[in-house]
Amino acid sequence: MQHCPLCEHTTTHLYHTDKRRAYLQCAACALVFVERQALLAPENEKAIYDLHQNHPEDDGYQRFLSRVINPLLDRLSVPAKGLDFGCGPGPVLASMLRDAGHDVACYDPFYAPQTDVLDAHYDFITCTEAIEHFYWPKVQWQQWLSMLKPGGYLGIMTKLVKDPDAFSRWHYKNDLTHVSFFSRYTFQFLAHQAGLELTFIGNDVILMRKPES
């Protein structure tokens with residue numbers, strides 16, 4: 001079996017198989033992840049992302065993003081410095097937060113690949129519908145922890161794994177760019193390990209706060 005791409009635990013087991021891929025689960029952090037040989041090449045991955053239609057003027061998409069934006073705005077002082085990690089081709093979330101008075105940088109390995117923003121420190125970091133695309137989420141997780149200022153917030157949106165039966169019928173796994181699937185337990189594991197305050201909001205919003213000291 002392959003080791004976990006999030007916590008690097010060496011004990012994993014088969015969680016599910018379908019016609020296209022096999023999915024493993026980590027015995028430590030409970031991350032469900034696609035076996036490594038099924039990962040797409042970067043050019044094939046980007047070709048799927050290019051099909052996404054997320055426009056700034058789309059009211060429905062703005063309402064969708066507001067599920068993570070509103071809880072953050074309730075907690076942030078203006079102006080705060082933030083990073084939208086995995087912003088995609090149209091950085092709608094960053095625009096909405098800028099309209100609220102915050103200074104927001106963007107990073108995306110395909111659409112905003114300027115890595116200088118990864119050397120800065122932030123009051124908040126957002127990642128909406130992107131963490132499930134990470135091939136080696138430990139890398140991004142460690143980046144976030146190093147970039148987040150004491151007292152800063154991490155806001156994540158992603159659909160959560162429930163159990164093997166629900167997973168077998170889950171449309172979310174059918175997107176071939178979705179390769180890392182988190183559960184509440186996985187985020188609890190990460191928060192405990194890093195000493196972060198954790199709040200779940202609804203079914204798919206996760207807020208974490210780095211202690212002041």
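Hi everyone, let's begin with Cys-106: its sulfur lies 4.3 Å from the closest cysteine sulfur, the one in Cys-87, which is too far for a bond. A disulfide here is a pair of cysteine sulfur atoms within 2.5 Å, and by this rule the count comes to 0 disulfides. Cys-106 counts as buried because its relative accessibility is 16%, and Cys-87 is buried too, at 10%. Buried means under 20% relative accessible area, exposed over 50%, and partly exposed in between, with a 1.4 Å probe and protein chains only.

A quick word on the model. It is predicted, so local features need pLDDT of at least 70 and side-chain atom pairs count only at pLDDT 80 or more, while totals for chains, interfaces and linings use all residues. Residues are numbered from 1 along each chain as its sequence is written, and side-chain values use heavy atoms, with hydrogens and water left out.

Now, is Pro-79 buried or exposed? Pro-79 counts as exposed, at 65% relative accessibility. Setting aside neighbours within four places in sequence, Pro-79 is in contact (heavy atoms within 4.5 Å) with Gly-101 and His-102. The C-alpha atoms of Pro-79 and Val-117 are separated by 18 Å, and the two residues are 38 apart along the chain.

Finally, which residues line the second largest pocket? Among them are Lys-159, Phe-167, Trp-170 and Arg-184. By class, that lining divides into 5 nonpolar, 2 polar and 5 charged residues. Here Ala, Val, Leu, Ile, Met, Phe, Trp, Tyr, Cys and Pro count as nonpolar, Asp, Glu, Lys and Arg as charged, and the others, Gly among them, as polar. A pocket is an open set of points on a 1 Å grid over the protein atoms alone, where a 1.4 Å probe fits, with protein on both sides within 12 Å along at least five of seven lines; lining residues have an atom within 4 Å of a point.
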